[in-house]
Amino acid sequence: MSTTSPIRMFGAQWCGDCRRTKRQLDTLGLDYEYIDLEQDPRAADVARDISGRTNIPVVVYPDGSHHVEPADDDVAAKLRELEII
């Protein structure tokens, strides 16, 4: 699947799951938009509107789907499904 929509990740440095997911995306060499909730607290409302939850990270994929607090295997499976990796 060819897509021009970026992956977006809502997270914060204090969040261990966020650091892990960010490291995974970085290691894969993917282009993505990182929305730092410490730098932009209003973005937390956007993440909550997307996920219906207050948990982070929220990873939004080019097809409009999302994960909340995903395991690395879940992220990798979705990226393979979208033929990003």
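**Salt bridges in the predicted model**

1. Glu-69 and Arg-53 form a salt bridge, with their closest N and O atoms 3.6 Å apart. The term means a side-chain nitrogen of Lys or Arg within 4 Å of a carboxyl oxygen of Asp or Glu. Glu-69 sits in the loop between strand S4 (66–68) and H3, and Arg-53 in the loop between H2 and strand S3 (58–60), so the pair ties together parts that are 16 residues apart in sequence. Helices (H or I, at least four residues) and strands (E, at least two) are DSSP runs, numbered from the N terminus.

2. Both partners are partly exposed: Glu-69 at 34% relative accessibility, Arg-53 at 38%. Partly exposed lies between buried (under 20% relative accessible area) and exposed (over 50%), with a 1.4 Å probe and protein chains only.

3. On the basis used here, the model is predicted: local features need pLDDT of at least 70, side-chain atom pairs count only at pLDDT 80 or more, and totals for chains, interfaces and linings use all residues. Residues are numbered from 1 along each chain as its sequence is written, and side-chain values use heavy atoms, leaving out hydrogens and water.

4. The salt-bridge count is eight. One of them joins Arg-20 to Asp-72, at 2.7 Å between the closest N and O atoms. This pair links distant parts of the chain, 52 residues apart: Arg-20 is in helix H1 (residues 16–27), Asp-72 in helix H3 (residues 72–81). Asp-72 is partly exposed, at 31%. A salt-bridge network links Asp-17, Arg-20 and Asp-72.

5. Asp-45 and Arg-48 also pair, at 2.7 Å from N to O. Both lie in helix H2 (residues 43–51), three residues apart, about one turn of the helix. Asp-45 is partly exposed at 38%, as is Arg-48 at 36%.
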